[in-house]
Amino acid sequence: MVSCGMSCIKYLLFVFNLLFAISGITILAVGATILASQNNLQLITENYWSGAIVLIAVGFIVFLISFLGCCGAIRNSNVMVMSFAILLIIIFVLELTAAVAAYVLRADVHDMVQNGLNKTILSYNNNTQFKEGWNILQHDFECCGVNGPEDWKNVFKNTTLPDVCCPDKDVKESCTMGTTQHYTEGCLKKFENTIQNKALLAGGIALAVCFIQIIGVILACCLGKALRKDYETV
């Protein structure tokens with residue numbers, strides 16, 4: 001017979017898993033959106049889509065685990081509930097490991113962004129993806145070049161700049177250094193700051209998710225213990 005306390009734990013675990021499933025779907029959707037769109041991350045690595053695939057995989061796994069937890073709570077299955085708790089602990093450890101690794105490697109962000117931008121700017125005229133990415137980057141961040149407009153001399157071999165560097169020029173006017181108003185600040189610092197800020201935000205969200213997962217593990221263990229006692233008294 002199911003006690004009142006066990007019923008409360010069961011429904012709390014069920015609600016937790018619904019929220020956990022929603023978070024999994026959200027992660028999956030974010031990964032799919034990144035994968036389907038032209039993203040500025042292609043400017044710092046040609047394999048920018050690999051991060052999106054990881055997000056999709058993580059979101060799918062989280063959804064499956066939450067589904068397992070929901071089924072275990074509804075069916076009063078001790079095996080499913082404890083399997084859910086174990087999988088949740090494994091995910092928690094992996095997330096914690098990834099968070100520590102990201103914190104340790106945070107100093108490498110500058111070199112990664114700088115090397116990526118310096119490499120892709122040289123392919124501006126030969127690679128459609130990089131050209132579009134650079135145009136979007138300079139438009140969105142109101143910047144020009146890696147460290148400044150002078151970087152485009154290595155690309156065009158003269159004082160020509162991409163049109164996006166001169167937002168106020170006339171349609172028939174050329175965008176060049178010295179003759180037209182153009183963005184003077186490079187994109188490196190702005191892009192790097194954006195990545196670091198988003199990384200901090202992601203880290204904060206990850207910590208919140210980890211805290212929620214701990215609650216889920218506690219609820220699952222309590223329900224599993226209650227189910228075992230209930231089976232023993234039958």
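**Starting at Ser-66**

Find Ser-66 in helix H2, residues 49–75 (helices are DSSP runs of H or I, at least four residues, numbered from the N terminus). This is a predicted model, where local features need pLDDT of at least 70, side-chain atom pairs count only at pLDDT 80 or more, and totals for chains, interfaces and linings use all residues. Residues are numbered from 1 along each chain as its sequence is written, and side-chain values use heavy atoms, with hydrogens and water left out.

Ser-66 is buried, with a relative accessible area of 1% (buried means under 20%, exposed over 50%, partly exposed in between, using a 1.4 Å probe and protein chains only). Beyond its neighbours within four places in sequence, Ser-66 is in contact with Asn-17, Phe-20, Ala-21 and Phe-84 (contact means heavy atoms within 4.5 Å).

Now for the aromatics. Rings of Phe, Tyr and Trp (its six-membered ring) pair if their centres lie within 6.5 Å; planes under 30 degrees apart are stacked, over 60 edge-to-face, and the rest tilted. That rule gives six aromatic pairs. Phe-16 and Phe-84 have ring centres 6.3 Å apart and planes at 70°, so they sit edge-to-face. Phe-16 belongs to helix H1 (residues 4–36) and Phe-84 to helix H3 (residues 78–104), so the pair ties together parts 68 residues apart in sequence. Both Phe-16 and Phe-84 are buried.

Trp-134 and Trp-152 are edge-to-face too, because their ring centres are 5.7 Å apart and their planes at 75°. Ring pairs link Tyr-124, Trp-134, Trp-152 and Phe-156 into a cluster.

Definitions and conventions
Helix = DSSP H or I, 4+ residues; strand = E, 2+ residues; numbered from the N terminus.
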